[in-house]
Amino acid sequence: MAKKKKKVMALFLAVTIVSGLLLGGCGKEKDADGKVVIELVHYKPEAVDAFEALEEKFNATHDNIRLVIDSPNDAMVILKTRFIRENNPDIIGIGGDINYSNFLDANMLMDVSDFDGLKDIKENYLSTNKDLEYVPKEGVYAVPYMSNAAGVLYNRDMFEEHGWKIPTTWEEFLQLCEEIQAEGIQPLYFGYKDTWTCLAPWNAIAVNLCETDIAFQVNSGNAAFSDAYREVAEKDKEILKYGQQDPVAYSYNDACTAFARGQSAMYVIGNYAIPQIKSVNPDMNIDSFVFPASSNAEENILNSGNDLMFCIMEDCEHKEEAYEVLRFLLEDENVQAYLDDQSAVPCKKGDFVLAPELDGMKEYIDNGIVADYQDHHYPSEMAVDAMIQTYLFDDSSNALETFLTRFDKEWVRYNKDIISKVKEYQKKGE
């Protein structure tokens, strides 16, 4: 146990332990009625209503298990402080990003290869998690539940009124922006005051132009981001001219509101923005399409990653009861209820009803023509979103070279330990 704690401490030493943040934990293995208590902590506070309904439904239909679902704000901070205190919940609901990679690297997650529900999960979302492993690892450590879809949301009524066609290549996209602009309408809106929104177009472009395992290739010494990201960076900057003036003065909420009010024809963002947009204009007729970053329409790929997946903690003492919770969450009726609440994309196979705003992406979702977000591999300390923002508004002649050189340099700085792990893994395989 001491060895494991040492690994966890090394991972999360930088986390500030704030008094009052710690949750109650599942110190009691059974409640007063003799039921096994399974605690699930997830990082989606916007879905609190959906999870409260699921918790109530589960507890009304199970006599031997009591499910406790916590939906805290700052869930990742709270989870990391709990890990340090060795006060782990049984199940965590997290995204398929760098946090998952770190937890897996610290051997904190249970191998759930024998979970019978895995057969119902789409293979592409299971394989996405394999790319998040710093080095290849045997086993399955997460059950993908919901994914998201990012590309271009557009005003369907506006498009129909003007007869604009959905673009399928980079050249057609630029031509469309020119057509929209020529009619006195702003093609795009950006909320770059919130630096994280700079990642939305970046990811949507990169998914078409980069290999999904580019991070592993770079860590292996077989590639450089300065080569892989050159075209991505150029195209990301090119679309700025089709947005409003001074996009860093406007936040994510500003951009959602502007799009909802018809101030732009399109918005490069993910499906997660739909509820926010609809809160401003409930009647807005929205559709979507895959960002066409390539000159070849057949190369288009939907930017879609694991937005919510469930991991059982390695030290969970009630594996079978935890599995029963996962089976319940994966029941078709419960999956559909979450989809309806969050306009999400299911990771489970089946004939589910998607939000109408995703009609233009449905073909890609149904056929698994998807690839993960590049930023899911970026360490938060590297602040890639801020790097991209700086680059986008750098008007100097060497802005591109400065950005790409910095990306390579910062990657090595913040990934030294991981690069060493990869090299060690490769030596063993020689």
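Q: What volume does the largest cavity have?
A: About 120 Å³. Keep in mind that this is a predicted model.

Q: Which residues are closest to its centre?
A: Asp-131, Tyr-134, Ala-215, Asn-219 and His-377, out of 13 residues that line the largest cavity.

Q: Which helices each supply at least two residues of that lining?
A: Helix H4 (98-105) and helix H9 (214-219). The largest share comes from H9, with 3 residues.

Q: And how does the lining divide into nonpolar, polar and charged?
A: The lining of the largest cavity has 7 nonpolar, 4 polar and 2 charged residues.

Q: How many cavities of 30 Å³ or more does a search of the whole structure find?
A: It finds 3.

Q: OK, salt bridges. How many does the structure hold?
A: There are 19. One of them joins the side chains of Glu-401 and Arg-230, at 2.7 Å from N to O.

Q: Where do Glu-401 and Arg-230 sit in the chain?
A: In distant parts of it: Glu-401 belongs to helix H18 (residues 399-414) and Arg-230 to helix H11 (residues 230-238), 171 residues apart.

Q: What about Lys-235, which residue does its side chain meet in a salt bridge?
A: Glu-231, again with 2.7 Å from N to O. Both residues lie in helix H11, 4 residues apart, which is about one turn of the helix.

Q: Why does Lys-235 count as buried?
A: Because its relative accessibility is 8%, and buried means under 20%.

Q: Which residue does Lys-348 form a salt bridge with?
A: Asp-332, with the closest N and O atoms 2.6 Å apart. Lys-348 is in the loop between strand S10 (345-346) and helix H16 (362-366), while Asp-332 is in helix H15 (residues 332-342), so the pair ties together parts that are 16 residues apart in sequence.

Q: And is Lys-348 buried or exposed?
A: Lys-348 is buried, at 11% relative accessible area. Asp-332 counts as partly exposed, at 42%.

Q: Last one. Which residues are linked in a network of salt bridges?
A: Lys-44, Glu-46 and Asp-307 are linked that way.

Note on methods. Residues are numbered from 1 along each chain as its sequence is written. This is a predicted model: local features need pLDDT of at least 70, side-chain atom pairs count only at pLDDT 80 or more; totals for chains, interfaces and linings use all residues. Side-chain values use heavy atoms; hydrogens and water are left out. On a 1 Å grid over the protein atoms alone, a cavity is a set of points where a 1.4 Å probe fits but cannot get out, and a pocket is an open set with protein on both sides within 12 Å along at least five of seven lines; lining residues have an atom within 4 Å of a point. Grid points are joined across faces, edges and corners, and a volume is the space filled by probe spheres set on the points. Ala, Val, Leu, Ile, Met, Phe, Trp, Tyr, Cys and Pro count as nonpolar, Asp, Glu, Lys and Arg as charged, and the others, Gly among them, as polar. A salt bridge is a side-chain nitrogen of Lys or Arg within 4 Å of a carboxyl oxygen of Asp or Glu. Buried means under 20% relative accessible area, exposed over 50%, partly exposed in between (1.4 Å probe, protein chains only).
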